[in-house]
Amino acid sequence: MDGLYHIILMETNLKVRHALSVTSELGEDISRLARFDGPDTKLMQNSGKTKFKRTSIDRLMNTLVLWIFGFLVCLGIILAIGNSIWENQVGGQFRTFLFWNEGEKNSVFSGFLTFWSYIIILNTVVPISLYVSVEVIRLGHSYFINWDRKMYYSGKATPAEARTTTLNEELGQIEYIFSDKTGTLTQNVMTFKKCSINGRIYGEVHDDVGHKKAITKKKESVDFSVKTQTERTFQLFDHSLMESIKLGDPQVHEFLRLLALCHTVMSEENNAGQLIYQVQSPDEGALVTAARNFGFIFKSRTPETITIEELGTLVTYQLLAFLDFNNIRKRMSVIVRNPAGQIKLYSKGADTILFEKLHPSNEGLLSLTSDHLSEFAGEGLRTLVIAYRELDDKYFKEWHKMLEDANAATDKRDERITGLYEEIERDLMLLGATAIEDKLQEGVIETVTSLSLANIKIWVLTGDKQETAINIGYACNLLTDDMNDVFVISGNTAVEVREELRKAKENLFGQNRSFSNGHVVSENKQQLELDSVVEETITGDYALVINGHSLAHALESDVKNDLLELACLCKTVVCCRVTPLQKAQVVELVKKHRNAVTLAIGDGANDVSMIKSAHIGVGISGQEGLQAVLASDYSFAQFRYLQRLLLVHGRWSYFRMCKFLCYFFYKNFAFTLVHFWFGFFCGFSAQTVYDPWFITLFNIVYTSLPVLAMGIFDQDVSDQNSMDCPQLYEPGQLNQLFNKRRFFICMAHGLYTSLALFFIPFGAFYNVVGEDGQHAADYQSFAVTMATSLVIVVSVQIALDTSYWTVINHVFIWGSIATYFSILFTMHSNGIFEVFPNQFPFVGNAWHSLNQKCIWLVILLTTVASVIPVVAFRFLKMHLYPSLSDQIRQWQKAQKKAKPTSSRRPQTRRSSSRRSGYGFAHQEGYGELITSGKNMRVKNSPPTSGLEKTLYNSTNWIENLCKKTTDTVNSFSQDKAVKL
């Protein structure tokens, strides 16, 4: 065999560029054999079915178009029947004049032909161009999101991005938000704060008596400047850890040695000779940096070795095995041989996992460390357990041989490898635990509070332990001390979970309500409607906290509906220790059974399934890469921008789209139904009442641009008032601005306008003589009068509908009227007749008709009769039953006239906050990539960080917001002197 065969196992997570960089050096005469390719790869095996997301307005539009088509058929049938009756009773009188023989034309056949003729004439009632116009408007809304400077994050030069143009209006209808914690609510910038080693806490400051005291700026931190390879930004205020290192405490040394060895960090030196770490997750970066500052410096690695500097001495460890992390194992381990020949397994992971792997002799230390972990979690720190095991050389060789066989296996390979990992990761000796701080992002508390005032329920789905999940809830103001109760579900079996849910519902409702079986609730629509009514009667604020084990049982078919019923009645839900799959399952549960619009937001690869499952997925471009961004519908850099995305862009998009649809349907009915009324006066002959050119140009030229301008630029209140008064968001959640009822109102409005457009000119032209003494009731003059009236009426109507005037609106609306008259006079001119005599035969008709005062009086009367009911209704509604939007709009006009001095809301720093707990942030597959050595050919530039540190004073801001909203609404209701 002459060729060299390079086999790539596609089941590993090797990057394409790494594989190419290796194989490119082997020459051109290479044959490649790929195993587990195509649908057998892990990527394809784990990929779900791609779902095409559509908004509720899209689905409603499809239904309405079908209804309109049915309505068109009904109109055609009515006119066809009328034609058959007319032909049978009256049409015979015209046979002699038309040179028809008796019985040559059948009235039924005439009605059949008339049906199809009217289907063609009345087809303009079916809004074919509606879908194109909707997409143009959505495209404009997407550009507004992309161009919004207030959603631009200067720290990373990252603007907001609308990655889809089909979901904008649904941003104004969100009822449930499912949020990740790490990197979403927090900065995902980790700082090593504390640790527990051999039962002793390091990182706390105590007074002379031994009581713990708060760390202030005046407190002097540990001086690391004497070390050459330290991280300058690292701070620790407890000097006892450095003293233990100097005294040679073996447990402390082993603890720091583990931090320097057990990780997936890559190191390199920059041009200045400084050591730089390339980290996959900020957690590992914080731990390796901490070990580096305490004298255990990770220097370099190869596929077979790891080199660290231990208190000034270079030590090279032989890397024997790398037991990689995944979401099920929730731990990672390395097996190394030190220069003395000892083989050790170093492991770090979640406490719930590693505590089960400890040797029985660690019972006392386990209890003490567990108390320390609870203390760390109560402070909002991310925790991690550290343990090790010494291995016998013979035992390791036997185990390693079995591992090699498992890696080469083709059947149940993953199961065999997992079993071998479980076998060697046992009887561990506990060293201690680490505690990392992850600060809240700027504006998180204000955003959560504002969204809560908008009646949006926020569910936090995190992989942290229960104590830290509760703490992050309090830190973000999702949980408050004013809540009536916080239900904690922590059962380990389905029976326990069901019982805890039952007790929680009894506490919430009392003993008077009976609970239905879960199987019935999921299928019974009436029960779901009853739950919605009960939800409105809940007066107190409640919260639900449930862990991953309990959630797994609660998502079973016979329990999940009890969970859903209780969770939806709570103001806040926090799910802790959840897997990526469980996140998606929770989202699907609410989508399926609550018929509510959901939004999922996250920043990491473990949030992708949740983002794809929700109606709208939002990705945050944070510290964990762009996996969430690439899978999202919208992306930005900070959680606080979600407030503006929903309350401003989402509400405006929904408001504009609903206005556009209402006007579009009204315009089509008013334009088309005139043919229907005319049919009763033309012998149902399928004669058009308008000029054919007018029919062609009406939707394309005369009315297309004004409605697009309104759909793109219109706004009822300003962006600042939308942010200051979150209650304005409620109409979108209740689907009030456009629904089936609104459609029928628009249909009735168009029907009334068509009656006025036809019968007022018809009555005015009946037996009327013009100013020149000639008969004015010819067909051409009648058509010009009606067409002119229609263009003016729909233009005045859209002017009444426009709430926010721009230059573009003025140009499009009044320019459309001017364009109509220009084209009208051109088509009735001598010049166009000489060029196209067959297409434009009515020379001078427009000049002759519109030169008469009576024609303009008819047009004026038609316009007033069409518009005055709308003006009267809106005037009475505005003053008798004004909506919150109406009140704020009047207030805006009054403020604009008064021109008050604008004042900014004071911004202060948040002195302290509670933080979240630990959860693995890196992905599976990096261990095998490191041991293969392929990634060591790639040189990446060090990541930059420019996160802003300023936080608002949350408590003062919340109180001011609530007070400001209350005062504003009260002032609207009391200020009766403000007029339009």
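1. A quick word on terms before we start: helices here are DSSP runs of at least four residues, numbered from the N terminus. With that in hand, Phe681 sits in the loop between helix H23 (641–679) and helix H24 (692–702). Please keep in mind that this is a predicted model.

2. How exposed is Phe681? Its relative accessibility is 43%, so Phe681 counts as partly exposed. Phe681 also belongs to a nonpolar surface patch of about 500 Å², together with Ile78, Phe680, Leu751, Leu755 and Phe759. Helix H28 (residues 740–765) supplies the largest share of that patch, with 3 residues.

3. Now to the open sheet, which has 9 strands in the order S3-S24-S23-S22-S4-S18-S21-S20-S19 and mixed pairing. Strand S3 (161–162) and strand S19 (485–489) are at the edges; each has a single partner strand, so one side of each lacks a neighbour in the sheet.

4. Ala162 is placed opposite Tyr634 in S24.

5. Helix H14 (residues 466–475) lies across S19, strand S20 (542–547) and strand S21 (572–576), at about 155° to S19. Helix H19 (residues 560–568) lies across strand S4 (176–179), strand S18 (457–461), S19, S20 and S21, at about 140° to S20.

6. Finally, a look at Thr307, in strand S12 (residues 305–310). Is Thr307 buried or exposed? Thr307 counts as buried because its relative accessibility is 14%, under the 20% cut-off. Beyond its neighbours within four places in sequence, Thr307 contacts Ile297, Phe298, Lys299, Ser300, Leu314, Val315 and Thr316.

Definitions and conventions: Residues are numbered from 1 along each chain as its sequence is written. This is a predicted model: local features need pLDDT of at least 70, side-chain atom pairs count only at pLDDT 80 or more; totals for chains, interfaces and linings use all residues. Side-chain values use heavy atoms; hydrogens and water are left out. Helices (H or I, at least four residues) and strands (E, at least two) are DSSP runs, numbered from the N terminus. Buried means under 20% relative accessible area, exposed over 50%, partly exposed in between (1.4 Å probe, protein chains only). Contact means heavy atoms within 4.5 Å. Two strands pair if DSSP finds at least two bridges between them. Axes are lines fitted to C-alpha atoms, for helices over the stretch in contact, and angles run from 0 to 180 degrees between N-to-C directions. Patches are made of residues with over 30% relative accessible area and no salt bridge: like charges are joined within 9 Å, nonpolar side chains (Val, Leu, Ile, Met, Phe, Trp, Tyr) within 5 Å. Accessible areas come from the Shrake-Rupley method with a 1.4 Å probe; for residues, only the protein chains shown count as cover. A salt bridge is a side-chain nitrogen of Lys or Arg within 4 Å of a carboxyl oxygen of Asp or Glu.
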